[in-house]
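The chain and its model are shown first.

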Amino acid sequence: MTVTDQVSHVFQVEVEKKLPMAVHGKGAYISIEDPSTGETKTYIDSSTGAAVGSLGHGDPEVIEEMCKAAKESVYSFPVTVCNYAAEDLAEFIIQESPKGAFASALFTGSGSESNENAMKIIRQYHNEKGDTKRVKFISRKQSYHGYTLGALSIGDNCRKEGFTEILLPQEITPKVSQVYAYRNTKEGETLEQYKDRLLQEVEETFIENGPETVAAFICETVGGSTYGNPLPIPGYLDGVRDICHKYGALFMLDEVMCGMGRCGTLHAWEQFITLADGSKGFVGPDIQTIGKTLGSGYVTIAGVLVSPKVKDVFVNGSGKILGAQTYHSHAFNCRVALAVQKKVSRDKLVQNIYNVGNYLGERLTELLTKTKIVGDVRGRGGFWSFEIVKDQKTKEPFPVELDVAHKIGNKIYEFGATNMAAQGTIDGVKGDHILFAPSFIITKELVDQVIEYVFRAVTEVEAELG
Ligand code: PLP
């Protein structure tokens, strides 16, 4: 059966539309069948779906491990019987992380689910300490933490539309400004001053909401799904962490999209947070969520990483986590994810995506000077986007109706590379951007090919727009 003669039976985002069908993948390439013609074309997979790929498609070593795992893995209900695959995966991630960062890991089926679990762990952490008034989660405007109700509540984006009445009340999910240096620095303001202004807002939000009632501050280390890849300004994450600790709240990072190697270090925060300096001891996140590149799309797996500080409270408290799901720390999924992570580590693929990914960033930056409609290029490692503007000087975006992001994105796709084109809103400004997140095996030669498509697409759309 080809997609041309079938009705979609999958209840998907566009319920009745026949979507293109992924039919094959090899390394950094993906083959997709066109629903209108039934023809299959092979693309450079420069977005790996929604930034999922660490290894490429069809990796023979992972496939071999999947076959073995299918024969040898045994399902057990994680409340009463654990499995060695989950143990080994947790141990591996703890050991590969900066020393002392994490003491425990829980594995779930998706990033949204991990954020839900993390919110409950945070709430229970405070309860265990007898600090039961802490019910608020401060997060950021224009952020994305997943599609489930708790995750939507701490997020802030168009995906909430139609659901706001059934989300956690706004009083317990206050929001502060995003970090968005490109648009939100004031005239003459230095980055240092901008950072101080943002931190002042964070502290004021704690105070206004009653700092003794704040459970945690949650943010993406590097944003992804809402308006491209804004990097945290130097000192920002340190400052937020210190405010959290000053008021007894936990500091949580959501690295579902930007983590597990995506930005060129195992955890993105390693590049943006001051590491242990002797006087302060370890200064990373208290709790962190991961996903996507953990299983590289071979299995549905994500996770919650817990610092020693948080684990100790449970160990010295009730000794129990409240909440257990049927597929927590699933043996097959954990074993396959471990095979992915071991290969990523053995072949130094995180270093590769740091180097080749930053080369992609450099080449994208050339667009700024060679075209008239690219306003900003931002990202790190294998996580880059460029923002499209009508006027590079004033940063005025194109009218929303023109949907310039998809015009350019569709052309890049037509030429032969996948990408994520999107329109995001930040503080009332709706802007277009295109995001790239290739697998960590991408080469410079493939990056050059992608860039050629991007230049061509941007130049053509620029000409069409006059
Ligand atoms: N958190 C962040 C930062 C994400 O980017 C995403 C997905 O894009 C999620 C959470 C949700 O993950 P999932 O789609 O696996 O539920």
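## Domains and their contact

Domain bounds here come from an automatic or database domain assignment. In this predicted model, that assignment divides the protein chain into domain 1, covering 63-347, and domain 2, covering 349-465. Taken over C-alpha atoms, the centres of domain 1 and domain 2 are separated by 27 Å.

The two domains touch through 24 residues of domain 1 and 27 residues of domain 2. On the side of domain 1 that touches domain 2, helix α6 (residues 181-184) gives the most, with three residues. By class, that side of domain 1 holds ten nonpolar, eleven polar and three charged residues.

Helix α10 (residues 331-346) packs with helix α3 (residues 84-96) at an angle of about 30 degrees, and their axes are 8 Å apart. Because angles under 35 degrees count as roughly parallel, α3 and α10 are roughly parallel to each other, and α3 passes α10 in a left-handed crossing. From α3, the contact is made by Ala 85, Ala 86, Asp 88, Leu 89, Phe 92 and Glu 96, while α10 contributes Ala 331, Cys 334, Arg 335, Ala 337, Leu 338, Gln 341 and Ser 345. The contact of α3 with α10 has eight nonpolar, two polar and three charged residues.

Helix α2 (residues 60-72) also packs with α10, here at an angle of about 155 degrees and with the axes 9 Å apart. Since angles over 145 degrees count as roughly antiparallel, α2 and α10 are roughly antiparallel to each other, and the crossing in which α2 passes α10 is right-handed. In this contact, Glu 61, Val 62, Glu 65, Met 66, Ala 69 and Ala 70 of α2 meet Phe 332, Arg 335, Val 336, Ala 339, Val 340 and Lys 343 of α10. Those residues divide into eight nonpolar, no polar and four charged. Arg 335 of α10 is named in the contact with α3 and also in the contact with α2.

## Helices α7 and α8

Helix α7 (residues 191-208) and helix α8 (residues 236-246) pack at an angle of about 20 degrees, and their axes lie 10 Å apart. That angle makes α7 roughly parallel to α8, and α7 passes α8 in a right-handed crossing. The residues of α7 that take part are Lys 195, Leu 198, Leu 199, Val 202, Glu 203 and Phe 206, and they meet Tyr 236, Gly 239, Val 240 and Ile 243 of α8. The contact of α7 with α8 is made up of seven nonpolar, one polar and two charged residues.

## Surroundings of the ligand

Which residues are the closest to the ligand? Of the 16 residues that surround the ligand, the closest are Gly 111, Ser 112, Gly 146, Val 256 and Met 257. Helix α4 (residues 111-128) supplies the largest share of this shell, with three residues. The shell around the ligand divides by class into five nonpolar, nine polar and two charged residues.

Technical notes
Residues numbered from 1 in each chain as written. Predicted model: local features only at pLDDT ≥ 70, side-chain atom pairs only at ≥ 80, totals over all residues. Axes fitted to C-alpha atoms, helices over the stretch in contact; angles between N-to-C directions. Helix = DSSP H or I, 4+ residues; strand = E, 2+ residues; numbered from the N terminus. Parallel < 35°, antiparallel > 145°, perpendicular 65-115°, else oblique. Left-handed = near helix turned anticlockwise from the far one by under 90°. Contact = placed C-beta atoms within 7 Å. Nonpolar A, V, L, I, M, F, W, Y, C, P; charged D, E, K, R; others polar. Near = placed C-beta within 6 Å.
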